[in-house]
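Hi,

Here is the model I promised to pass on. Have a look at it first, and then read my notes below.

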Amino acid sequence: LLHTSLVSERMELTIHGINSLLEELKWCRSSCGQSMVVEHLQGFQEYRLPSKTFSKIISHLTRAARTEDALRWFNAAQRHGAVNDAVMYNIAINACAKSKHWQRALQLMEEMRWKGIPADTITYSTAIS
């Protein structure tokens, strides 16, 4: 019980740290500042995070025009088994679309089909945007 409590507390601190970095990324306008935030975020990449946290990180990185970093986080989420729904794929496909990686977007859509994850309206509209 004590171990479970400590693990839960550690995860809360981790997610709080990630949220603080994402907030900083949101307001940071210099590429140097963004690079520092992304570097700090990378320290969390090997953590087994909830899918929602991975999604949030990937979305924030995409909005900050850090699409390569966003796709690296998507790959980390896949390694941890956190990619299991259309929402996560849609976020990654959006990163591909914004960075003009059409082949990768198509690969992700094919992967969804192969895994039995149905594409939705958002998937298709993101892919063609």
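How are helix 5 and helix 6 oriented to each other? They are roughly antiparallel, a label used for angles over 145 degrees. Their axes come within 8 Å and cross at roughly 165°; axes here are lines fitted to C-alpha atoms, for helices over the stretch in contact, with angles from 0 to 180 degrees between N-to-C directions. Helices are DSSP runs (H or I, at least four residues), numbered from the N terminus.

Before going on, a word on the source: this is a predicted model, where local features need pLDDT of at least 70, side-chain atom pairs count only at pLDDT 80 or more, and totals for chains, interfaces and linings use all residues. Residues are numbered from 1 along each chain as its sequence is written, and side-chain values use heavy atoms, with hydrogens and water left out.

Back to the first pair. Helix 5 passes helix 6 in a left-handed crossing (the near helix is turned anticlockwise from the far one by less than a right angle). Residues making the contact (heavy atoms within 4.5 Å) include Tyr89, Ile93 and Cys96 of helix 5 and Trp102, Leu108 and Met112 of helix 6.

Now the next pair. With axes that come within 10 Å and cross at roughly 165°, helix 6 and helix 7 are therefore roughly antiparallel too. Helix 6 passes helix 7 in a left-handed crossing. Trp102, Met109 and Met112 of helix 6 make the contact with Thr123, Tyr124 and Ala127 of helix 7.

Helix 7 itself covers residues 121-128, and Thr123, Thr126 and Ala127 in it are buried (under 20% relative accessible area with a 1.4 Å probe, protein chains only; exposed is over 50%). Those buried residues fall within an arc of 100° seen down the helix axis, so they line one face of helix 7; the arc is that of the directions from the axis to the C-beta atoms. They pack against helix 5 (86-98) and helix 6 (102-115). On the other side of helix 7, Thr121 and Ile128 are exposed. At its start, a side-chain oxygen of Asp120 reaches to within 3.1 Å of the backbone nitrogen of Ile122.

Finally, look at Ser129, in the segment after helix 7. Ser129 counts as exposed because its relative accessibility is 56%. Leaving aside neighbours within four places in sequence, Ser129 is in contact with Ala97 and Trp102. Ser129 and Ala97 are 32 residues apart in sequence, yet 6.8 Å apart in space, C-alpha to C-alpha.

Cheers

Notes:
Helices (H or I, at least four residues) and strands (E, at least two) are DSSP runs, numbered from the N terminus. A polar contact is a pair of N or O atoms within 3.5 Å; within protein, one must be able to donate a hydrogen and the other to accept it, and residues adjacent in sequence count only if both atoms are side-chain atoms. Angles under 35 degrees count as roughly parallel, over 145 as roughly antiparallel, 65 to 115 as roughly perpendicular and the rest as oblique.
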